[in-house]
Amino acid sequence: MNYKGISNPKLITVFELTKEAHSFMDTEKCVSTILGRISDILDTEVGSVMLVDEKRQELFIKKASGLDADIVRQTRVKIGEGIAGWVAKEGKSLLVDDISQDNRFKKSGKPKSKRYATNSLLSVPFKVGGKVIGVINVNNKKAKLNFNNEDLALLSLVSEQTGLAIQNALIYEEASRLANLKLDFVSDISHELKNPLAIIRDSISLASEGIAKDANSKEKHLLEMASRNIERLDRLLDSLLDLAKFEAGRAPLERTYLDIKKLIIDCVDFIKPIAEKKSIRIKTSFLLAYSKVWADNDRITQVINNLLSNAVKFTPEGGSVDVMVKKRDKNILISVQDSGVGIRKKDLLKLFNKFERLDVYQQGARGTGLGLAICKEIISVHNGKIWAIGKPGKGSRFNILLPKDLREEER
Amino acid sequence: MEKLKVLIVDDEPEFVELVKMRLESSGYDVITAPDGKAGLAQIKTGAPDAVLLDIFMPGIDGLEVLKKIRRHNKVLPVFIVTAFSSEDRFEKARKYNVSGFIVKTSDLKKEVVNIANAISVSRMYKGESSSNKQKGKQ
């Protein structure tokens, strides 16, 4: 396509439009912007963006201007039929000066309604990787002029530059639709499982109370084991639900200006009794003057508790856990270093996957397999970063970067 | 002293059995009803001191039962039982003077302690109001 015929101011508008179109994750907004701006540049009466319905091999109108709402809702064009259908099938643009004179579209030349009559039109495909994902149509210039080759070149340029933006928005929408479906499913399942689980939990609890006096009985041991695993199952269900909420973007944060130093001290106090049982020493150092972050207190507490309890879990008796907090550029860096078994390089990234069971984790550890995956989601919605470093035998370190409270700049 | 009597209205027999055991071991008399209609009948004939009422039941659901109870009795302590911790029916139920909410999936041992506490508190107030009445008479 030759763009040389396009005037400079129009090219600038196309550039701006392209930039804007790529900023949307919502297909409707994306195509609205494209259509609105194009109608302005080309000064048209009627315009529409149609998208391909893969399953039915049809085009439907995603957004239109100057068309009746009924037409927009009802229009379905088979791929290969009519003007837009031809453009979608062939993947080629079309400029028609006077449709009533064009032999290819005799039938379409007689509009069913007299609401508007098409004289001159442009129809251009949106292509991504050679595949047509939709068509943009503009009809009739307001000034009663026919479309010319500059118009065609301009619309083609826009469609080439924005096809990917529409595709991305479509993919994003589909992904969030699936994530929401999954959340509903996980949510239903979790409620359905929790009811019988509560009955089992309480039956066991009642049974344990009945034999409490006989402290060393085998039955008591078995009931305790059952009870422990019910709690584990319960935690697993909570975690699954939690993770599905994050994946669907339905885990709202309750942010406050919280003091990360205080939060960490509280978390360390909480884990200390467990660490002391294994004679593990927990050391904290805070190498910063101002330690406030704009974050959700409960969620960050959940992350720190998770990292600390992992550190204690994987550190042998008599070992140590070091928690360090310091400034790093515009972030606060939190490190949890343990003197445990360490992590192999190839496992460092896998750690944050769901249900990833690494070799070290087989050693009697009883997590849900979701803890770190949830940590990653929590830190990510805070615009932070979490990662692990470490070598086998040299302990492991978990780092978190959290954006600092920006008000500090004003101080 | 005479034992306090608690009525459990719930269509899940296993849940009923467990709560019954817990309450009985805490010194309560327990009567039960598997649905709303039977529950209302039990309130008349059994004269319970408190009611645990499942909100989701076939037939007359918990909220309807609660409304019917309140028509004749404004003070009987009623605890709403539900499978979910967040439920907009909670809010509706609140309008009808509810003594507490019991979530089936939470720790029943703790819930039963909460019920016992709430019953004793409501007994206390009941005692106060009746003694006030007596003062009025004098």
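Of the 411 residues of chain A, 43% count as buried. The model is predicted. Chain A holds nine helices and 13 strands. Its contact pattern was examined for pairs at least 6 apart in sequence; 67% of these contacts join residues at least 24 apart.

Strand β1 of chain A spans residues 44-53. Nine of its 10 residues are buried, so β1(A) is largely enclosed by the rest of the structure. Burial here refers to a relative accessible area under 20%. In a regular strand, side chains alternate between the two faces of the sheet.

Two strands pair with β1(A), as follows. One is β6(A), residues 131-141. It runs antiparallel to β1(A), and seven bridges join the two. Within this pairing, T44(A) has K141(A) of β6(A) as its bridge partner. The other is β2(A), residues 58-65. This pairing is also antiparallel and also extends over seven bridges. Here G47(A) is bridged to S65(A) of β2(A). β1(A) and β2(A) form a hairpin, with four residues between the strands. In the turn, Q57(A) has a positive phi of about 50°.

The contact draws 11 residues from chain A and 13 residues from chain B. Three residues of chain A, namely I199(A), D202(A) and L206(A), supply 45% of the area that chain A buries against chain B. Between them, the two chains bury about 1100 Å². Carbon and sulfur atoms account for 59% of that area.

Three salt bridges are counted between chain A and chain B. One of them links the side chains of E209(A) and R22(B), with an N to O distance of 3.1 Å. This distance lies within the 4 Å cut-off for a salt bridge. On the side of chain A that touches chain B, the residues divide into three nonpolar, four polar and four charged.

Definitions and conventions. Residues numbered from 1 in each chain as written. Chains lettered and ligands numbered in written order. Predicted model: local features only at pLDDT ≥ 70, side-chain atom pairs only at ≥ 80, totals over all residues. Heavy atoms only, no water. Contact = heavy atoms within 4.5 Å. Buried area = accessible area lost by both parts, 1.4 Å probe. Nonpolar A, V, L, I, M, F, W, Y, C, P; charged D, E, K, R; others polar. Buried < 20%, exposed > 50% of the residue type's maximum accessible area, 1.4 Å probe, protein only. Pairing = 2+ DSSP bridges.
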